[in-house]
Every structure is written in structure tokens, then in C-alpha cells.
Amino acid sequence: MSITVNIHQALRHITNNQATVNVSGATVGECLADLVQRFPDIKSKLFDKKGKLLNYIDIYVNAESSYPEELAKPVKDGDKLSITLMIAGG
Amino acid sequence: MLTARERERYDRQIMIQGFGEEGQERLKKARVLIAGAGGLGSPAAVYLTAAGIGSIRIVDHDTVELSNLNRQILHWHEDRGKSKVDSAKEKLMRLNPDVKIEAIGDTITEANLDHLVSDCNLIVDAMDNLPTRYLLNKVAIENNIPFFHGAVYGFEGRAMTIVPGKSACLRCVYRGVIPEEKFPVIGVTPAVIGCIQATEAVKYLVGVGELLINKLLIYDGLSMQFTELRVKKDPHCEHCGQATRKE
């Protein structure tokens, strides 16, 4: 099962400047775990020490918000995940 | 009624289908609060003033610094050290003397918010920090005032329109907080987003087109792509999920 993850600009230095990464998994949580396995430094940017998604990270599946219980959301082959970070600059 | 000068000044936009003199009169009657006279507030204020909004109240507590000038286009080199709202008012009045510009050099707080939004038809969120954006979102929901959100970081910008009672609000989308820190930005990013906020505000007032409601528009200047993310009203939202709105 191949899922495409869009990596936010602010995290691309961790993914060797790749804007998208293909991962495997049946849920959002499994896909992010696969991403972390490939790029371990991204873990602390997405999760707190208890493994909970940080509250300024949002995950969209096929451009739709996966909140709440994002990590349990099922995904299917060909889906696109977008990792977004809150921004507040003006 | 529009004056002869106004008919001439706004001739090209009055020509737009669905706009007409009636739309222009709606803009003339509008009272807009622009929260922030910086990167987003500058283009939003310029285009709302040019479009003929009747009255604009612009609020910011800062003074102009050299490091603002790559993006805050209402302020010029000689304005360093001036109050941002005074600098903004001076330029906006020169751009369009028919628009009433009210400059308030104050920090937006819970204590003064009700006063600042009083008699305003809509609020443009041109702030640079989340806590104040949340305050504005809450007061907009409570008072049934449409709220036009924008934010920037580097080459990325976001915009969303919140119509209380009809759409997800900022708090439905953003639940956490991020530390206030110096953020990277190139001036063209708030230029794009501030203009989108002004476009949304004009559309709302005139009653044309579709608004960015339940949609978070993401602009990526590096790949030159616009993406719409669908957002949902959160029934448990602490701002719009409770019975806090004044019906």
C-alpha cells in the first residue's frame, strides 16, 4: 500500500529536501510511523514524548482534516497525507 | 448615494457583473476593523481603501522599524520610529481621502476588544501572533462579525474566511499554541495573502462569488501552488461550539 506524504516546508530539511515521501500503512498513525522510521529526526517535530501528535500539527487526508483521533484514521492505497504546521506570522 | 467623484473613481469595479452602484454603496457603508498594520495589514488596508470602504479602523501598538520594511509596504524608510498606525493613516488618506481612517495605537487585549470591534461590520486578522488571533476569533463569533484570517511564514501563506454560525472558525482548525518568535518572511507572501483577505472582504460586503468558508487556502510561493484544505466545524470547539454567539 503506497501513501504519499506531503512534507511541510519547515520539515523538508529532515527529508533531504523531499517535498513528498511515499510510505506504507493502513492508518495515518502507521504511515507516520513509517515516515519516522525513514527519517528519525522528524519524530520530535510531530510527536510529544508520550507519542501524542503535537497540538500544532495537523494531518489532512486527501485535503480533508483528519481531526480528531487523527492517528487512527484509515487510509488506502493512493491516498495523500499532508502534514501542516500552524503558522501565525503577519 | 454615490457622489459624481465616487462614480468616476470606482467606475471600473462598478462595471463588474453583480457589483454595480449598489455594491459600491455597500462598501461605502461598511466599517472594517483591520487588526495589525504590518505585513498583512498593509496590503489589506491599501486595497480596501482603494476599493472605497467607508470607514477603516486600523489597530497596532508598534512603531516602524527598519526590519519591517521588506514587507510592511505602508511604511517607508522615513517612517522609522513613527507609530505604525499613524504612518498607515497618512498613506491611506493620501490614497483615498473619501475613506474615513481611524488609527488606534494600542495593544489588542481582552479588556479593549469589545470597544475596538464595536460598530464594525467585519474584522481582518492581520496579526502576528496566535493568542491575539484567538481573541479576535472569539469576539467575532460572539458578536456575529465575519472574520477574515490570514497568516504567513517564509514563502507560505494561508487564508480562511469565518462567517459565524455558517462555518468552522479559527479555533476549530487551530487548537494549540506556538511560541511567539521571529518568523522568516519575504514581502510578497503577505502581499498575496493580504490581497486575498481584502478580496474576501469585498466579496462578502458586495455579496458576490464564493467565500473561503470551511476551507483553509494554502499558498506555496516556492512551488507556486494554491491548495484548498477542507476543514470542519468542531462541535466541541471552545469558541463556536458552545452557545456563545449573540443571536
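Two residues are in contact if their C-beta atoms, placed from the backbone, lie within 7 Å. Keep that cut-off in mind for the packing described here. The model is predicted.

Start with helix α1 of chain A, residues 28–38. Its buried residues include A:Val28, A:Cys31, A:Leu32 and A:Leu35. Viewed down the axis of α1(A), the buried residues fall within an arc of 95°, so they line one face of the helix.

## Chain A as a whole

Chain A has 2 helices and 5 strands. Along the sequence they follow the pattern β-β-α-α-β-β-β. The radius of gyration of chain A is 12 Å, close to the 12 Å that the globule rule gives for 90 residues, so chain A is as compact as a globular protein of that length.

The C-alpha trace of chain A spans about 35 × 30 × 25 Å along its principal axes. Of its 90 residues, 29% count as buried. Now take the contacts in chain A between residues at least 6 apart in sequence. Of these, 50% join residues at least 24 apart.

## Where the chains meet

How many residues of chain A are in contact with chain B? The count is 12, and they meet 30 residues of chain B. On the chain A side, these residues divide into 6 nonpolar, 5 polar and 1 charged.

Is B:Asp128 buried or exposed? B:Asp128 counts as buried because it has 22 C-beta neighbours inside 10 Å. Leaving aside residues up to four places away in sequence, B:Asp128 touches A:Ala88, A:Gly89 and A:Gly90 from chain A, and B:Gly36 and B:Gly38 from chain B. B:Pro179 is 51 residues from B:Asp128 along the chain, and their C-alpha atoms are separated by 11 Å.

## Strand β6 of chain B

Strand β6 of chain B covers residues 156–162. This strand is mostly covered, with 7 of its 7 residues buried. Both faces of β6(B) are covered. On one side are B:Glu156, B:Arg158, B:Met160 and B:Ile162. On the other are B:Gly157, B:Ala159 and B:Thr161.

Which strands does β6(B) pair with? One is β5 of chain B, residues 147–153, which pairs with β6(B) in the antiparallel sense over 7 bridges. Another is β7 of chain B, residues 215–220, again antiparallel, over 4 bridges. B:Ala159 shows both pairings. It stands opposite B:Gly150, and also opposite B:Leu217 in β7(B). The hairpin of β5(B) and β6(B) has 2 residues between the strands, and B:Gly154 there takes a positive phi near 65°.

## Helix α9 of chain B

Helix α9 of chain B runs over residues 188–206. How far apart should its ends be? At 1.5 Å a residue, its 19 residues should span 27 Å. The end C-alpha atoms of α9(B) are 27 Å apart, which agrees.

α9(B) is mostly covered, and 15 of its 19 residues are buried. After α9(B) comes B:Gly207, with a positive phi near 85°.

How values were computed: Residues are numbered from 1 along each chain as its sequence is written. Chains are lettered from A and ligands numbered from 1 in the order in which they are written. This is a predicted model: local features need pLDDT of at least 70, side-chain atom pairs count only at pLDDT 80 or more; totals for chains, interfaces and linings use all residues. A residue is buried if 20 or more other C-beta atoms lie within 10 Å of its own, exposed if 12 or fewer, and partly exposed in between; C-beta atoms are placed from the backbone. Ala, Val, Leu, Ile, Met, Phe, Trp, Tyr, Cys and Pro count as nonpolar, Asp, Glu, Lys and Arg as charged, and the others, Gly among them, as polar. Two strands pair if DSSP finds at least two bridges between them. The arc is that of the directions from the helix axis to the C-beta atoms. The expected span of a helix is 1.5 Å times one less than its number of residues. The radius of gyration is taken over C-alpha atoms; the globule rule is 2.2 Å times the number of residues to the power 0.38.
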